[in-house]
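Have the model open beside you and follow along.

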Amino acid sequence: MDFPLFHLDLVGNRIMFAVIAILHVLINHALAVGAIPLITLMEWWGQRTGRSEWDRLAYRILAVCFIVTTSVGALTGVGIWFSASLANPSAIGSLIRVFFWAWFFEWLVFVTEVSLIMAYFLTWKSWTGARKPAHIGLGVALSIMSWLTMAVIVAILGFMMDTGTWPEAPTFWRGVLNPIYIPQLVFRTPGAMVAAGAFALLLAFFFTRKGDGFRAQAVRFTSAWTLGWVPLCAAGAWWYWRVVPEAMGANVAVALTTQAFESWHRTVGYLILASAGVLVLVSLWGVTAPRRLPRLALVLPVLLAFALLTYFERVREFVRKPYVIGRYMYANGIRPADYPLLATDGVLAHATYTPVRTITDANRLAAGRAMFNIACTRCHTTTGVNGVVKKLTDLYGTDPWEREVVEGYLRTMHNTRPFMPPVPGTEAELAALTDYLLELQRNPQRLPGAQSVGVEVPDQETPAASRADASGDLHAGRGGPTLLARPVTPGSDGETSPQVGTHDPLASPH
Amino acid sequence: MELTGPIPIPHDIPLPLPVDQVVAQALIVLLFLAHILFVGFMVGGSVLTVVCEAIGLRRRPFDGLARTIAATVTVNKSLAVVLGVGPLLAINMLYTVYFYSANALTGYAWISIVPLVTLAFLLTYAHKYSWEKWAAAKKAHIALGTCGALLFLFIPLIFLGNINLMLFPERWTEVRGFFSTLLLANVLPRYLHFVVACMLVTPLFLVGWLTRSGSPLETLVPGFTRPQLRRGLYLVTFWGVCVQVGAGLLVLLTLPVHGLSHLMVAVILLGAACALVALVLLRREVWVTAPDVGRYFVPIVALLTVTALCMGYGRHLYREGAIGWHRQQMAAKTEEFAWASAAAQWRFATGAGAEDENLPPGERVFKAACASCHAVERVLVGPSLTEIAGLYKDNPGGIVTWAKNPGKKRPEMPKMPAFRLPDEKLLAAAEHMLALGSGQEAPPPAPSAPDADAAPATQPPPDDPAQPAEP
């Protein structure tokens, strides 16, 4: 409503976000959080046993981690911010207001982490002999810092899934100590270790020679590492799923696959168990008979670990729907608390960027497009990935849709599809949105985003009078006005939970 | 500046700022300067690396110098990125609406920063770690480094477009993508200012780091003496500062006036004065102080630090001045919206907003949950009520059982979603459906589209949906 809306009408914003975020998670977990302690352990073991092969292997693995984490890893981390600000500016803007100090602390840790990895890598060959213990100390410090950066972010991820008691009293610590935080962290930590073990197994094979007795030892070492973390990972997974709240549990069947394949979720569950099983079996094999481990078995664990991590993130993103921030903000960036007002006055009456305020017969389609832009494009495209035309065709077929039917569906779909937020706004706006969708069926047209066509503001709105005063007094804005002194407490009044949408007669007390 | 057309006044994020304004503003100015310093070392370092390597084709010692500079870029570029996250966080928090609006309006360019910087980093690594392997193909190696340096030179332009655009909401409706932001009055002059700054801070950094006493100069850059190196690097800084004075003036003159203030201009001029004093000292270092060149290093750095602080603070004053009026209007609008929203919530909570309150419960649930798929006489998505009434005559409980856990029975229809509603609501809806389907109750007016008659009313003999799915 209040931001120019970046929109990718072919692949959707979510794909852009997912590619960057998942790449970051894989690198962060497998090449930093999990890998650094493994490398440090290997370095220490080499020093203890006095065998330089361990030291050399540890250095080579670190070189890969260093190059990748300081380039792709660091940049995709920043990229999550960039893409979040494009995909859902209201959500990330709100999260920053709540978690500024958490992120600030995380940033300090991040600066330390990057300084330490440069020190750890670049001094490897000069800090030898008497300085070796100090160098191993660098590895330990780096391990702690890598884990800490993840530990802070998981608090925010947990918050987005379940805001806990925060909506009743929005304070920083209530946000941090949300119900999902600790269980997810307990799950992610060993998960990162397992992923790093699988990755290191592959590298250990590459960086050693055939017929060299050391290769078997290296394979055994990394397999044992993976295997050691598996029980903790399983326990963490069990705890995590137990705390995923009831409301989300209801969505899990959909989250695991997509809506169309809802019934397959059992099969997918078995697939996950099977992948985890294969991971364990390969690691067991690597520990007991490292010489006879086939090449394919080296690639499999890392692929499976990456696939499982990706899957886990996909599910995590999906189960929090229809919210982007649990119970506080819908995925469309609008707060449930504002729905009653928008139902009375209209979304377009309050939106900043719309060509239309009041709907007339002449501007219905423009109004409908503006509604679609505001209420739908954070998740949907017109005819691209997750496109609305396809969704409605699945329900109502390829014959011209009936306007009453589509309108009726839009009005109530959140009742039957619990992952969808209600459509915000007035009846007239719902009708305009319907008209736009019908027009899309007749005449499918791409909807370009603000990044290519810019933004529109209704013509009648002219610069306010105080504009001139401000330029007269050169310091009108210095020190800044107070930005909303009165915080809005969402859903603090129990019964009128923000979930209550205006088009939601099911929820009305009876 | 002539203002025409409407100006967008958005609502702000309706949550209080987590930080005192003064603290936030100090954070932005200081953290940003730390970030931009290392960006300068990164951009300047990568450019100097390829320039020195190219000179090294003719004069061997320069190749060693180039390689040593490349090694500093490895560290400086990583610090540039991590130190950027702090000011990014601060600017996201304090200027949320302004910054995100600019980001979205330049969206393609903005998001391409991520792959472009990644690529630039990987190219610099490739350049640095292939120095010996590619010794025979020196020109190709230089070309590799040049690609990295050019990327480093281009990327800041995207940032400059953004941080300029965010200051001028009156321009937001005119912008069409990133390249149109380059036409904003101040973008290109500031870009020039930035590039020159990179080229003058990097040699100064190298004087301090590379030629520090105790640095193993003979092994690092054989063929250079310490005074020689210092004088050469100082010379680059000297000309950099000279150009920068002109570039700075250009930036000041092209700034849209409505953000200017006397204080801001005074702060900027103070910074410029410090730079001029530094220039005098630099001149002495290059042409007068030999052989103990380097004795003014500390005062030069101190003076230029004051210059940088003044410029950073001056920028900040300008920013606050440029958006001050807009911010006040936004705050007022945000507050107004918050009150109106609270009032509407209250009205809704007290029942004034619920239109369907008077409907009987069965009809209400039916309309909300069932009617988008089931019509009385025809097939919308699922079977018609008439057909359902035939299947479940006098058995509304069967409908409830099915609705709670539906199977997939008809290949031509999508699977029905499960309904998690209290049994009594489902039962009421089921009774209403049977009443409608058997004609005991008048059907609702909608849907009654013109082509309703054309919809197929005939269906293949239905299975009993209450039974478990067939094997």
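**Salt bridges**

I began in helix α15 (residues 388-396) of chain A, where Asp394(A) and Lys390(A) are about one helical turn from each other because they are four residues apart. Helices here are DSSP runs of H or I with at least four residues, strands are E runs of at least two, and both are numbered from the N terminus. The model is predicted, so local features need pLDDT of at least 70 and side-chain atom pairs count only at pLDDT 80 or more, while totals for chains, interfaces and linings use all residues. Residues are numbered from 1 along each chain as written, chains are lettered from A and ligands numbered from 1 in the order written, and side-chain values use heavy atoms, leaving out hydrogens and water.

Asp394(A) and Lys390(A) form a salt bridge, with the closest N and O atoms 3.1 Å apart. The term asks for a side-chain nitrogen of Lys or Arg within 4 Å of a carboxyl oxygen of Asp or Glu. I then looked up accessibility: Asp394(A) is partly exposed at 45%, and Lys390(A) is exposed at 53%. Buried means under 20% relative accessible area, exposed over 50%, and partly exposed in between (1.4 Å probe, protein chains only).

How many salt bridges does the structure hold over all chains? I noted 25.

Next came helix α16 (residues 403-416) of chain A, where Arg411(A) and Glu407(A) are also four residues apart, so about one helical turn separates them. Their salt bridge has its closest N and O atoms 3.0 Å apart. Is Glu407(A) buried or partly exposed? Glu407(A) counts as buried at 12%, whereas Arg411(A) is partly exposed at 26%. Salt bridges with shared partners join Glu407(A) and Arg411(A) into one network with Asp361(A), Arg364(A), Arg403(A), Glu427(A) and Asp435(A).

Arg364(A) is partly exposed at 23%, and Asp361(A) is exposed at 70%.

**Aromatic rings**

I searched the whole structure and found 42 aromatic pairs over all chains. Rings of Phe, Tyr and Trp (its six-membered ring) pair if their centres lie within 6.5 Å; planes under 30 degrees apart are stacked, over 60 edge-to-face, and the rest tilted.

Phe99(A) and Phe159(A) form an edge-to-face pair, 4.9 Å centre to centre with 80 degrees between the planes. Phe99(A) lies in helix α4 (residues 89-122) and Phe159(A) in helix α5 (residues 132-161), both of chain A, so the pair ties together parts 60 residues apart in sequence. Both Phe99(A) and Phe159(A) are buried.

Phe99(A) also pairs edge-to-face with Phe172(A), at 6.3 Å and 65 degrees. Phe172(A) is in helix α6 (residues 172-176) of chain A, so this pair ties together parts 73 residues apart. Phe172(A) is partly exposed at 23%.

I also noted a cluster linked by ring pairs, including Tyr59(A), Trp124(A), Tyr125(B) and Tyr129(B).

**One loop in chain B**

Where is Ser130(B) found? I located Ser130(B) in the loop between α4 (107-129) and α5 (138-165) of chain B. Ser130(B) is buried, with a relative accessible area of 9%. Leaving out residues up to four places away in sequence, Ser130(B) touches His141(B) and Leu144(B), where contact means heavy atoms within 4.5 Å.
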